[in-house]
Amino acid sequence: MLELRKDIFADERDDNLNEIGKGTQRQDMLGHVTGTSSFFNDHKLQGMLHLKVVRSTQAHARIRRIDTTEAERSAGVRRIIRGADVPVNLNTLLSLINFGKDDEPSLAVDKVRYKGEPIIAIVADSEREAFEAIAKVKIDYEPLPAVFDVEDALKPGAPVVNETYPKNTFTYHETYDHQRLRFGDADAALATADHVLEQRYQMSPIEHAPTETNGAIAAPDTNGRYVVYTSTQALFFSVDTCAKILDVPSNTFHFIGGTVGGGFGGKVDTLTEPLAILGAMLTGRPVRYMFGREEEMQYGPPRGAERIYIKDGVMRDGRVVARKIRAYFDSGAYTRLSSYAAVKCAAHLPGPYTIPNVYGDVYCVFTNRTPATAMRGFGVTAMDFAIECQMDKLAHLVGMDPMEFRILNAYRDGDMKAHRREAKNTALIECVQVAAEKAKWPLREEFKRASSRKDGGGSRAVIPPTPTDSSRARSTNPVQQRTSYDRLPPTVTREPPREPPPTVPPPPSPRPAAPSHGATRFSSVFGTRRR
Amino acid sequence: MAVTVKTFPSASEAAGALSSDRSARYLGGGTLVMRALNEGDISISTVVRALDQALTRIDASGPRITLGAGVTFARVLAERDLAFLHAPARSIGGPAVRNMGTIGGNLFAPTPYGDFTVALLALDATVAVQGGFGARDIPIEEFLQARDRQAGTLVLSVSCTRPASSEAFRYRKIARIKPKGGSVITLAAHLPISGGRIASARIALGSMAPTQIRARAAERALEGRSLDAATVAAAASAASEGTSPSDNALGSAWYRREIVGVHLRRLLSGQE
């Protein structure tokens, strides 16, 4: 079935690839199909104890009192672990790359911020005995108002989910409450566009649903070290996260992973390893902590839900002249990786198209929902879904074929992208052409002849004059032809919930006015690098 | 306290063990009980099993069929004489669940499960149970109404009359994920025709109440009539009467009430 179209861009490639285009046996395939691959949970260690956590029944509540006296006396219980027993009980995943503030405890102490948040860990001789002890833990909650909607969370007076971020937004560059992209004058272009289409897209959280649930087994080793069998899909990341939370050097651990029973982004959060190791440290015995299926589905971190508003201006000839986007990433109660997803999203706008006026505001928002994390292209997938739905609707609006409409608006080599980098190695036009050919979708000759390497650059390489937000008076709604497209009233104009004060400097990623290439790319994504 | 497994040679001994121990559960195929144990259900301390051959017997030769409570869905599907039950059997889980899951266990499966029971309810099945006071037969409707109080009894078998024709019994499961999803709504209709008129129609619904229920108003709309468009429309508009669905991840109560009539209309009019 695999077909490599080597005729396309043939002159750009040395055709000496060793792997691509060839059938290669996965190295783990034989073990998987014969059922002999060994997973972390296949290790049954002598004297192994089992750890289970007491989870919050409340979405948002102050913890008044935790009574474990009965649970401590429950049969088979070896140790009860509280937040105070965790050496560094506040962490954020990306602190390892100096991105974000520590905001999440391993075990909640004074407050719970989502339903299912771990509060107490119980280490017992068997899972059953751990479950029986869990039933005996009494927690006195003082319920607090909860917020589950990203836009509600940004309203003045909304409940503060996570005190580390009192505005319910992740803080970028220690200053900004969202990621911002400004390129040209989108409002002016919208005012003169032939058609304007505004749509709202709402995604749902998606659980990775791995066959093997999250888990780890930690066991004391010689020389004060601990061996850890784990399902993690980010082994070295997990090592360093555990070292930080447990306040020991990372060479204290010997992590053994490699065979992951389904990850897809759902096994990077290092949820089970720190408590399993702490259990082993406190009892001197091997300790296993593995999510049950319901835990995995309900409290394992999902792909975050995004809410996206797109407002596009399009001319009768099919050119998209403005794209204005507001997106809200639901991070849940804590920062796992949604902060980074918002950065990726902003860097991706306005999709693979050359649009002369682009305006983007992307928020990473805290709500009292299960913390969201990585999942396959997170940050981009949902936005692409919204953008491509929008492209179909725009094509329909101007009466153009959707494939040809994409070719017309596709970026080409030499074009200036909205984040002020020159487009190189673009291939959307060729992809659309091949897709049309395979689908026997008729394209007109001029679109068949289009090429990513022709007609780019020139005036399309210019960075247009871009007003800063502070220099612009609040724009009034421009009078123009508006077209209602589907059920949603497209004319509802929503503005960002919190306009920054005028003293805030221009966009968060100040860049030279000319295309710059080279070394600053990475640090421009991870903002708190020294700049 | 550890979980104890007790295995008995006869169904009656197993029934005795069940009725004397509040924390005991009968293990059929394990698709419900083992899941509960693995997820930490500490209300179960004793697992009761029976090796009785009678529990796995199928009698499908005559006009009235009897299925032992331990008969799996895979076995129903392998039985040519049970063709009228193949659609409900196939609608349950995937192959692994059908290989293990049993007719008896399905009677206890909570919403959104228990699809086979919807079919049995439409077919006016009889449930044979063994309790502390001996064996008796209970109409399935009565059994389901008192299901929460049946914990101490052991289901031995289920029997029902074979529908007169393949047209007379219809079944449909509405699921979001095919072929393995839980039920949004499950519908079954038994429509005996006598002299061109429907007589003693039974329509059963799953996921429209805490247990499987009959759509009595819809049944009344069909009674004594021929299955024409007007009759179908009348039954469809009465479909949600007397139901009390709830919200779950697969659908809201509102949605279920809205669509139950649509799907009943399609079922009765033979529409795909």
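**Notebook: helix pairs and a chain contact**

I looked up helix 11 (residues 402–409) of chain A and helix 12 (residues 428–438) of chain A, which pack at an angle of about 165° with their axes 9 Å apart. Helices here are DSSP runs (H or I, at least four residues), numbered from the N terminus, and axes are lines fitted to C-alpha atoms over the stretch in contact, with angles running from 0 to 180 degrees between N-to-C directions. The two are therefore roughly antiparallel to each other, a term for angles over 145 degrees.

I note that this is a predicted model, in which local features need pLDDT of at least 70 and side-chain atom pairs count only at pLDDT 80 or more, while totals for chains, interfaces and linings use all residues. Residues are numbered from 1 along each chain as its sequence is written, and chains are lettered from A and ligands numbered from 1 in the order in which they are written.

I then listed who meets whom: M403(A), R406(A) and I407(A) in helix 11 meet L428(A), I429(A), V432(A) and A436(A) in helix 12, contact being C-beta atoms, placed from the backbone, within 7 Å.

In chain B I found helix 10 (residues 229–237) and helix 11 (residues 253–268), whose axes come within 8 Å and cross at roughly 150°. That makes helix 10 of chain B roughly antiparallel to helix 11 of chain B. Helix 10 of chain B brings V232(B), A233(B), A235(B), A236(B) and S237(B) to this contact, and helix 11 of chain B brings G261(B), L264(B), R265(B) and L268(B).

Lastly I checked the contact between the chains, which takes 8 residues from chain A and 7 residues from chain B. On the side of chain A that touches chain B, helix 3 of chain A gives the most, with 3 residues.

Methods: Contact = placed C-beta atoms within 7 Å. Parallel < 35°, antiparallel > 145°, perpendicular 65-115°, else oblique.
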